[in-house]
Amino acid sequence: MGRLIIVSNRLPITVTGCGDAIEVAPSSGGLATGLGSVHEDCGSLWVGWSGLDAHASPEARRSLQTQLSSRRLVEVPLSSEEVSVYYEHIANGVLWPIFHDQLEKLPNLIEGWETYDAVNARYADIVAACARPGDTVWIHDFHLMRVPALLRERAPDLRIGFFLHIPFPNPEIFFALPRRQWLVEGMLGADLVGFHTRRYRGHFTAALRRLLGIEMQNDSITYNGRRVRLGIFPMGVDSASFAERAADRKVVAETARLQSDRGIRLLVGIDRLDYSKGLPKRLLAFERLLTMHPEWLERIRLVQVAVPSREGLAAYKSVRRLVEELVGRINGRFGTHRWTPIRYINRSVNDTILSALYRAADVMLVTPLRDGMNLVAKEFVATRTDGDGVLVLSEFAGAADELTRAVIVNPYDVDGLAEALHLALEMPVGERRERMQALRAHVMPNDVSKWSHGFLAQLGSANA
Ligand code: ADQ
């Protein structure tokens, strides 16, 4: 029976230490958690970058190799120069803003496509060297958009799937990209290309029509004489684990601590500190809420966790500065000797605190300006085994297509968002419960395992 080979930019591990003392630990969040169970259950190989600099000492490299092979992980070595061009400049600095509709965040000079291509070719070489006839390869995300075509050149008979975790933008925006056709042709090396939502697939097929004159029929297109299927697979979370963790003793104790300020209702935000997540507008809406409805003064608090992200890039430094300025201004303007309106935490939190925050939230704020899916919204719903809590969700998150019983908002409309927060805080318990019940009825069965098996089944893999 054929094996599964997962391919992603990073391996699902964090490497610490140096020399012989290299330590490899599983990383958490996003793809690592999402595909971790597939990797365990299918006995698959996982190909990606370890995070270790290619100039690391030979002892460090040997120690890493031993630990990787025991976990069925295969390393793609990258030099620091390659990481800076392929990963930071092209993937995070060019593709990420375009795919999130932020044209003004593009650098004036876009250089480095050759490095992006060379790195993608190295991934394809390593996968081709590991693959055996009958294997299935599942490639992930915008860092590796050329890999499907490059791998197809090296191993024409492999079964290849590609999933895009971020939105596919409207062609009017996508067409600003200098190498647009080359990237799309890269994706079309796959047998199945997956998106989170119907809208992203619609944008992709519109781009195909304009670039290549191809039309989709019955969810597939014909390209270079091959059939390429285009599927919709909204990613879920490990809902059962989140529900189970909600009852954990430590989580219950931490939730009680968070709720110990009697009479203070909690609004909670948990995001990577990324300009696509809409934090400045969310903070402005919170400020407007306190201005328009002063009855909430000393009666609510916003707990905002923002994990530092991509800190080398100027656009990320400036959003961080703006967020910190706004938090300072709002706390200074409205805070009193016994009340601080915003608690701002600029680091990652552990699983216990994450679950306790989801449990303690009266109102959960998920208000990105654009987001492929947004797993935080689904994790919150999965955790609320008590059937209470209000989800305020941006219409521009992929999750909004499924979670229609959330309070859906336009995050660009700051006054409208402030009013939605007020309504969420005032919502009668009966309506809160009825909405949460509908949200849970969707999130609990549509979990991450259903997502991965759905994708692999459509790819026709024996691993589904
Ligand atoms: P991300 O942009 O990283 O993912 P998201 O889907 O919200 O966004 O996933 C973030 C993950 O990190 C969640 O599992 C969350 O629990 C965790 N996390 C966030 N903040 C944290 C914190 N402060 N401390 C600890 N953990 C934290 C990309 C796309 C999304 C898409 C996913 C999956 O941008 O749109 O949903 O991939 O396809």
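Trainee: Which residues of helix 3 meet which residues of helix 4?
Mentor: From helix 3 come Glu 82, Val 85, Tyr 86, Ile 90, Val 94 and Leu 95, and they meet Trp 113, Thr 115, Tyr 116, Val 119, Asn 120, Arg 122 and Tyr 123 of helix 4. Contact means heavy atoms within 4.5 Å, and a helix is a DSSP run (H or I, at least four residues) numbered from the N terminus. This is a predicted model, in which local features need pLDDT of at least 70 and side-chain atom pairs pLDDT 80 or more, while totals for chains, interfaces and linings use all residues. Residues are numbered from 1 along each chain as its sequence is written, and side-chain values use heavy atoms, with hydrogens and water left out.

Trainee: Why is helix 3 called roughly perpendicular to helix 4?
Mentor: The axes of helix 3 (residues 80-99) and helix 4 (residues 113-130) cross at roughly 110 degrees and come within 9 Å. Axes are lines fitted to C-alpha atoms over the stretch in contact, with angles from 0 to 180 degrees between N-to-C directions. Roughly perpendicular covers 65 to 115 degrees, so helix 3 is roughly perpendicular to helix 4. By class, their contact has 9 nonpolar, 2 polar and 2 charged residues; Ala, Val, Leu, Ile, Met, Phe, Trp, Tyr, Cys and Pro count as nonpolar, Asp, Glu, Lys and Arg as charged, and the others, Gly among them, as polar.

Trainee: What makes the side chains of Arg 179 and Glu 114 a salt bridge?
Mentor: The pair stands at 3.8 Å, N to O, and a salt bridge needs a side-chain nitrogen of Lys or Arg within 4 Å of a carboxyl oxygen of Asp or Glu. Arg 179 is in the loop between helix 6 (171-174) and helix 7 (180-187) and Glu 114 is in helix 4, so the pair ties together parts 65 residues apart in sequence. The whole structure has 33 salt bridges.

Trainee: How many salt bridges are counted between domain 1 and domain 2?
Mentor: The count is 1 salt bridge. The domain assignment, automatic or from a database, gives domain 1 as 4-235 + 449-461 and domain 2 as 239-445. Asp 101 and Arg 370 also pair through their side chains, at 3.0 Å, N to O.

Trainee: How much area do domain 1 and domain 2 bury between them?
Mentor: About 1,600 Å², with 57% of it on carbon and sulfur atoms. Buried area is the accessible area (1.4 Å probe) that two parts lose on being put together, summed over both. On the domain 1 side, Trp 96, Lys 105 and Met 235 lose the most area to domain 2, together 28% of what that side buries.

Trainee: Why is helix 13 described as roughly perpendicular to helix 14?
Mentor: Helix 13 (residues 351-360) packs on helix 14 at about 75 degrees, their axes 9 Å apart. That angle makes helix 13 roughly perpendicular to helix 14. Leu 354, Ser 355, Tyr 358 and Arg 359 of helix 13 touch Val 376, Glu 379, Phe 380 and Thr 383 of helix 14.

Trainee: How are helix 14 and helix 16 set to each other, roughly parallel or roughly perpendicular?
Mentor: Helix 14 (residues 375-383) and helix 16 (residues 429-443) have axes that cross at roughly 110 degrees and come within 9 Å. Therefore helix 14 and helix 16 are roughly perpendicular. Helix 14 contributes Lys 378, Phe 380, Val 381, Ala 382 and Thr 383 to the contact, and helix 16 contributes Met 436, Leu 439, Arg 440 and Val 443.

Notes: Helices (H or I, at least four residues) and strands (E, at least two) are DSSP runs, numbered from the N terminus. Angles under 35 degrees count as roughly parallel, over 145 as roughly antiparallel, 65 to 115 as roughly perpendicular and the rest as oblique.
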